[in-house]
Amino acid sequence: MSKHLKSVVRAAFRKAVFERDHYCCKVCGRSGKDRQGGDGHLRYHRETECDLDSHHIQSRAEMANGGYVEENGISLCDDCHIKAEAWFASKDDESFSPEALYALIGSNRELAAKMSERLGVL
Ligand SMILES: [Zn+2]
């Protein structure tokens, strides 16, 4: 995949995840905006309570083509993002495990892996 195509795929991933989640954190429900900018959130709400990231449920390294597919992404605020990243080290709070996050977006590891493989044909 060319460098240009990679940046297109990354931007498309981010937008698809935020749009699907209506620019709200999928765990705590707060309304937000893309921390990298843009006004996509205005279609859903004017007032924002937080910045959002599109979190990779399974890390880039473990997924084909970096896992930049909406089936592997979830909108999270800073607080929830920190907990989701911390899960990999502590495995403490199961509500932030990959399985729990996939369930929140109606996806699963197998589907995310399959869709990630398909990115390879680009
Ligand atoms: Zn949150």
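Hi everyone, let me start with a definition: contact here means heavy atoms within 4.5 Å. Helices (H or I, at least four residues) and strands (E, at least two) are DSSP runs, numbered from the N terminus. Axes are lines fitted to C-alpha atoms, for helices over the stretch in contact, and angles run from 0 to 180 degrees between N-to-C directions.

With that in hand, helix 2, residues 78-90, lies across strand 2 and strand 3 and runs at about 125° to strand 3.

Now the housekeeping. This is a predicted model, in which local features need pLDDT of at least 70 and side-chain atom pairs count only at pLDDT 80 or more, while totals for chains, interfaces and linings use all residues. Residues are numbered from 1 along each chain as its sequence is written, and side-chain values use heavy atoms, with hydrogens and water left out.

Three strands make an open sheet, ordered 1-2-3, with mixed pairing; two strands pair if DSSP finds at least two bridges between them. At the edges sit strand 1 (32-34) and strand 3 (73-77), each pairing on one side only. Direction ignored, neighbouring strands of this sheet are turned by 45° against each other on average. Helix 1, residues 3-20, packs on the sheet and touches strand 1, strand 2 and strand 3, its direction making about 115° with that of strand 2.

Which sense does each pairing have? Strand 1 and strand 2 (residues 50-56) are parallel, over three bridges, whereas strand 2 and strand 3 are antiparallel, over five bridges. If you want to click along, Lys-33 is opposite Asp-51 in strand 2. Across the other pairing, Ser-54 is opposite Ser-75 in strand 3, and His-56 has Gly-73 of strand 3 as its bridge partner.

How covered are these strands? I call a residue buried under 20% relative accessible area, exposed over 50%, and partly exposed in between (1.4 Å probe, protein chains only). In strand 2, six of the seven residues are buried; in strand 3, five of five are. In general, side chains in a regular strand alternate between the two faces of the sheet. For strand 3 both faces are covered: Gly-73, Ser-75 and Cys-77 are buried on one side, Ile-74 and Leu-76 on the other.

Which residues hold the zinc ion? Cys-25, Cys-28, Cys-77 and Cys-80 coordinate the zinc ion, each through SG, at 2.3 to 2.4 Å. Donors are N, O and S atoms within 2.8 Å of the metal (3.2 Å for Na, K and Ca), and water is not among the atoms, so sites may look incomplete. The angles among the four donor atoms are 102 to 117°, and the site is tetrahedral. For four donors, that label asks that all angles lie between 85 and 135 degrees. The ideal value for four tetrahedral donors is 109.5 degrees. Along the sequence, the donor residues are spaced C-x2-C-x48-C-x2-C. Cys-77 and Cys-80 are both buried.

Let me zoom in on His-55, in strand 2. Buried or exposed? His-55 is buried, because its relative accessible area is 2%. Its side chain makes a polar contact of 3.2 Å with that of His-81. By polar contact I mean a pair of N or O atoms within 3.5 Å; within protein, one must be able to donate a hydrogen and the other to accept it, and residues adjacent in sequence count only if both atoms are side-chain atoms. Leaving out residues up to four places away in sequence, His-55 touches a list of residues including Phe-13, Ile-74, Leu-76, Glu-85 and Leu-101. Of these, Glu-85 has its place in helix 2 and is partly exposed, with a relative accessible area of 44%.

Met-63 is in the loop between strand 2 and strand 3, and counts as buried because its relative accessibility is 9%. Met-63 and Ala-113 are 50 residues apart in sequence, yet 6.3 Å apart in space, C-alpha to C-alpha.

Most residues other than glycine have a negative phi. In the loop between helix 1 and strand 1 we find His-22, with a positive phi near 55°. Tyr-23, placed in that loop too, also has a phi near 55°. His-22 is partly exposed at 44% relative accessible area, while Tyr-23 counts as buried at 5%.

Definitions and conventions. Tetrahedral: all angles 85-135°; square planar, octahedral: opposite > 155°, others 65-115°.
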